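Subject: Structure handover, with notes

Dear colleague,

Here is the structure I promised to pass on to you. Please open it first, and then read the notes that follow beside it.

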Amino acid sequence: MINRAIELIRNRSNPVVFTGAGMSRESGMRTFRGEEGLWKEYSPERLSSISGLREEPEVVWDWYKMRLMAGEGVKPHAGYRALTHLQKLKGHLPVITQNVDGLHSISGQTDVLEIHGSMRTASCLKKCGFSTQLSHEILKETPPLCPVCGTILRPDIVLFGESLPQETIARSYELAEECDLLIVIGTSVQVWPAAGIPFAALENGVDVIEINPARTELPHSESVISVRRKAGEILPLLVGLKE
Ligand code: APR
């Protein structure tokens, strides 16, 4: 499987990458599902939903403060550097990510679609127009309030119960359907519509490489090359960065 993945990555000229929380696991960020997943310990409905934010803003913001602190000083691992190397080799490498940690952009990928938004900024829940970079200053008060209209701020991520940014998700499906190789890294492929991206690629005859130590919903087929390895370990090898 690994040799087939190396050959596909070498020979295809228009690959696209699709990532989930597992892509940042070796940078120290926890995943949501699986044995040590966050959703085993915390309730996504209570902490990562628009209703939860409205009902218990303090609780939700305490949770995001904890995640922001956990993300402080987190650095891209060798797998991210391998993707930056692949982007140089191919001249372009669109990256569709479910992650909100910003590590793809930090590591030098230039065409990143953050389909679940970003933890780096917050905006007014009432959409009065105010938005800001999230800083210790802003996070001093819980929940942080909009300085313009006094409403609570919301993290600029897509919360459960909200729809994804339409043009971003439409472009993501287009990229997956029109590329000649989709490299799926570190996602349990369970949260729709993002989870539909690999299936859309397969329906359009696109070969899919899946990098994930665990099995997922992706089918066993000629077109799915499953590399049951960790992203940080195997990506440098797959892109020819280390023998
Ligand atoms: N390398 C590659 N994959 C890994 C690694 C690793 N080092 N460690 C774990 N994984 C895999 C796990 O096996 C799992 O299949 O990463 C996947 C992470 O799955 P989830 O925790 O479900 O994360 P994700 O698929 O990104 O979740 C999608 O759900 O809660 C929402 O908004 C949240 O964006 C998130 C969405």
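I begin with Lys127, which is found in the loop between β4 and β5, where helices (H or I, at least four residues) and strands (E, at least two) are DSSP runs, numbered from the N terminus. The phi of Lys127 is near 60 degrees, a positive value in a residue other than glycine. Most residues other than glycine have a negative phi, and most peptide bonds are trans.

Before going further, please keep in mind that this is a predicted model, in which local features need pLDDT of at least 70 and side-chain atom pairs count only at pLDDT 80 or more, while totals for chains, interfaces and linings use all residues. Residues are numbered from 1 along each chain as its sequence is written, and side-chain values use heavy atoms, with hydrogens and water left out.

The bond from Thr142 to Pro143 is cis, with omega near -5 degrees, and Pro143 is found in the loop between β5 (131-133) and β6. The bond from Trp192 to Pro193 is also cis, with omega near 5 degrees, and Pro193 lies in the loop between β7 (181-185) and α8.

On a 1 Å grid over the protein atoms alone, a pocket is an open set of points with protein on both sides within 12 Å along at least five of seven lines, a cavity is a set of points where a 1.4 Å probe fits but cannot get out, and lining residues have an atom within 4 Å of a point. Grid points are joined across faces, edges and corners, and a volume is the space filled by probe spheres set on the points. The lining of this pocket consists of Ile50, Arg54, Ser123, Cys124, Leu125, Lys127, Arg154, Asp156, Ile157, Val158 and Glu162. At least two lining residues come from each of α3 (50-55), β4 (117-124) and β6 (153-157), and β6 has the largest share, with three residues. By class, the lining has five nonpolar, one polar and five charged residues, where Ala, Val, Leu, Ile, Met, Phe, Trp, Tyr, Cys and Pro count as nonpolar, Asp, Glu, Lys and Arg as charged, and the others, Gly among them, as polar.

A search of the whole structure finds one cavity of 30 Å³ or more, and about 40 Å³ of space lies in the largest cavity. Lining it are Thr97, Asn99, Asp101, Gly102, Leu103, His104, Ser105, Val112 and Glu114. The elements that give two or more of these residues are α6 (103-106) and β3 (112-114), with α6 giving the most, three residues. The lining of the largest cavity divides into two nonpolar, five polar and two charged residues.

Turning to helix packing, α5 (residues 78-90) and α9 (residues 231-238) pack at an angle of about 25 degrees, with their axes 7 Å apart; axes are lines fitted to C-alpha atoms, for helices over the stretch in contact, and angles run from 0 to 180 degrees between N-to-C directions. That makes α5 roughly parallel to α9, since angles under 35 degrees count as roughly parallel, over 145 as roughly antiparallel, 65 to 115 as roughly perpendicular and the rest as oblique. Their contact (heavy atoms within 4.5 Å) is made by Ala78, Gly79, Ala82 and Leu83 of α5 and Ala231, Gly232, Leu235 and Pro236 of α9, and these residues divide into six nonpolar, two polar and no charged.

Helix α9 also packs with helix α1 (residues 2-11), and the two axes come within 9 Å and cross at roughly 55 degrees, which makes α1 oblique to α9. Here Ile2, Ala5, Ile6 and Ile9 in α1 meet Ile234, Leu237 and Leu238 in α9, a contact with seven nonpolar, no polar and no charged residues.

With best wishes
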